[in-house]
Amino acid sequence: MKLSSLLGAVCAAILTTSALAATTPTVTISVDATTAPRKIFHASLKIPAAPGDLTLYYPKWIPGEHAPDGPVIDLAGLKFSAAGKPLKWRRDLLDGFTLHIDVPSGVTEINAELDFLSPATFEGGFSAGSSATDKLAIISWNQVLLYPKGYKSDDINYSASLKLPDGWKFGTPLPIASLSGNEIKFATVSLTTLVDSPVITGEFLKVVPLASDPVTEMDIAADSAAALEPPQETWDHYKSLVDQAQKLFGAHHYRDYHFLYTLSDHVAHFGLEHHESDDSRVDERGLIDDTSRKLSASLLPHEYVHSWNGKFRRPAGLATPDYEEPMKDDLLWVYEGLTNYLGFVLTARSGLLTPDQDRDDLALTAAALDHLPGREWRNLQDTADAAPQLYFSPGPWQSWRRSTDFYAEDTLNWLWVDVIIRQQTQGKKTLDDFCHLFHGAPTTGPMVKPYTFDDVVNTLNQVVAYDWHAFWTDRLTNHGPGAPLGGIQGSGWKVVYDETPSELGAAGTGFNHTVDAMYSLGLDLREDGGVNDTIEGMPAAKAGIGPGMKVIAVNGRHFSGDILREAIKAAKTSTSPIELLVENTDYYKTYKLDYHGGEKYPHLVRDESKPDMLTEILKAK
Ligand SMILES: [Zn+2]
């Protein structure tokens, strides 16, 4: 039985390869990353071509980034040739990612040479942000290649090789054909698979096995050897994450899986999902510092969930044939929102955070969303529809502009769904059953199964009959007031505010060097008094203070976080306003805040009138 099934698999693989060979063009790409510490990468490509106009694209809509943010501005040194002779080219006047090359008669292949200039300073921009240091680099293939018009990314192959700095190790989900010195030759794969398979490399790189069937490992690059030595229990929690995710979904859709984790203070910090890996980046001490580890605890659970929810099951509008066709972001409340909820759940189930800490996290989420006057004009659906712009919105005015709230607000909404399922079935069914149906068996390699709004509603109805269509329509189109707290309340908890920050809340302000007076004065400050943001309708905004100003003094004394907190405390038993001396565009003015409510920090506390469903949800399976 075992032998024959193995034989069947081998035959299928041979057939597929020969079928591909006859019809699928192959681009050859050699990337030189030996100059990674200088933050410049060189690539040489051989691209099949026919005489006439050849249209080449630089990848524009990057999967998982939900926006046309391919870093074309960092493409340099572009030169085309055929049989040693240079070719003329011109950029398309209507699309800066499209290049036209004149291919002379008799030519069947052209050469392209290009450089990718990786940003040199710490900055955002997701995978296009800073990605290389003196000791490590992450290579995202979409940044160093071009592809010809006329092919789906599934229908054109790339044969890639990569040269690394001497002595650097690497990790990647991309299958390897051969290794020679510091040069890796990869197996020929589709353009889809290549772009989906980044390479992490560095002088200090640690491979931590998490599971053997299928192979699941962490490939961690850091700016120091010390950053790779957290307490043993950290590895145990990540092993448990893999186990708990398998139990949540009941199957998987990758051949093997690599957590590519970068620990550096000099690269952009974010997480980007792939079918068989994730490119996640946090500060250098992200594993060894207790506070930092807590603050980034939910990152890998979130990105790992994406292998099922986002890569395998994908909204139809995001399942585009190449990187040029625009994506439609309207279902990001499932793609990102459900992922965020399941990441939150798995963070507790795996032990990466304690249930207490995970509840702190939920309280912070609920409080932020409950102080969002912008929902008066922008509903949740519009935060998804406008995602290509909102991902790049500046920090200030968040309460009025709103941001990519389909992450945080849909954490609350999917909790609400989980609670409704449990209530309607007397605890016999849960959202885990939805995940089994929607994301589960059979186990496959990487593939995309697109879905629509109706598919989500229909699968929920398979778990338990309920008016899910009306539920989600209301969640997506209502204008509040206030956050959707039905899930928290239904799970036996309530959001309260007291005068002591939670462990996770205090960790966040300490790490970010901020002063949190958000839910008292409606004021988010830097440690130097600079106003990051104000909340519309709250005391600071009502008094006339706005983002970009700077608090110089509190009640006549030089500003500090402690001085402000003491003034808020003292005002509780006084009728005098809190006086803030504020600098604004070189002018000074005193603002009077008539506030006497004391400090306010959010927490979850038990509502003993209801069963404690949340604790049940966060328990390891
Ligand atoms: Zn995500």
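Predicted model: local features only at pLDDT ≥ 70, side-chain atom pairs only at ≥ 80, totals over all residues.
Thr585 is not a glycine, and yet its phi is positive, at about 45 degrees. Its relative accessibility is 63%, and because the cut-off for exposed is over 50%, Thr585 counts as exposed. A second residue of this kind is Asn555, again not a glycine, with a positive phi near 50 degrees. Asn555 sits in the loop between strand E28, residues 550–554, and strand E29, residues 557–558, and with a relative accessible area of 45% it is partly exposed.

As background, most residues other than glycine have a negative phi, and most peptide bonds are trans.

Let me turn to the charged side chains, where the count comes to 25 salt bridges. In helix H4, which covers residues 290–295, Arg293 and Asp290 lie 3 residues apart, about one turn of the helix, and they form a salt bridge whose closest N and O atoms are 2.8 Å apart. Arg293 has a relative accessibility of 17% and, because buried means under 20%, counts as buried, while Asp290, at 47%, is partly exposed. Helix H8 holds the pair Arg359 and Asp356, also 3 residues apart and about one turn of the helix, with 2.5 Å between the closest N and O atoms of their salt bridge. Arg359 is buried, with a relative accessible area of 11%.

Which parts of the chain does the pair Glu409 and Arg375 tie together? The salt bridge between Glu409 and Arg375 has its closest N and O atoms 3.0 Å apart. Glu409 lies in helix H12, residues 408–424, and Arg375 in the loop between H8 and H9, so the pair ties together parts that are 34 residues apart in sequence. Both Glu409 and Arg375 are buried, and salt bridges with shared partners join Arg375, Arg402, Asp405 and Glu409 into one network.

The loop between helix H8, residues 355–370, and helix H9, residues 380–385, also contains Trp377, which at 43% relative accessibility counts as partly exposed. Together with Trp397 and Trp400, Trp377 forms a nonpolar patch on the surface, and the three have about 330 Å² of accessible area together.

Now to the open spaces, and to the second largest pocket, which has a volume of about 860 Å³. Its lining comprises 38 residues, and the closest to its centre are Asp154, Ser190, Thr192, Thr193 and Pro446. Strand E15, residues 189–190, and helix H2, residues 191–195, each supply at least two lining residues, and H2 gives the most, with 3. By class, that lining has 18 nonpolar, 12 polar and 8 charged residues. In the loop between strand E14, residues 183–186, and E15 we find Thr188, which is 29 residues from Ser159 in sequence, although their C-alpha atoms are 4.4 Å apart in space.

How many cavities of 30 Å³ or more does the structure hold? There are 2. The largest cavity contains about 60 Å³ of space, and its lining, by class, has 4 nonpolar, 3 polar and 2 charged residues, among them His66, Lys311, Arg314 and Tyr335. The second largest cavity contains about 40 Å³ and is lined by Phe41, Phe116, Ile138, Ile139, Ser140, Gln143 and Val144, which by class gives 5 nonpolar, 2 polar and no charged residues.

Definitions and conventions:
Residues numbered from 1 in each chain as written. Heavy atoms only, no water. 1 Å grid on protein atoms, 1.4 Å probe; cavity = no way out; pocket = protein on both sides within 12 Å on 5 of 7 lines; lining within 4 Å. Points joined across faces, edges and corners; volume = space filled by probe spheres on them. Helix = DSSP H or I, 4+ residues; strand = E, 2+ residues; numbered from the N terminus. Nonpolar A, V, L, I, M, F, W, Y, C, P; charged D, E, K, R; others polar. Patch = residues over 30% accessible without salt bridge, like charges linked within 9 Å, V, L, I, M, F, W, Y side chains within 5 Å. Areas by Shrake-Rupley, 256 points an atom, 1.4 Å probe, with all protein chains shown as cover. Salt bridge = Lys/Arg side-chain N within 4 Å of Asp/Glu carboxyl O. Buried < 20%, exposed > 50% of the residue type's maximum accessible area, 1.4 Å probe, protein only.
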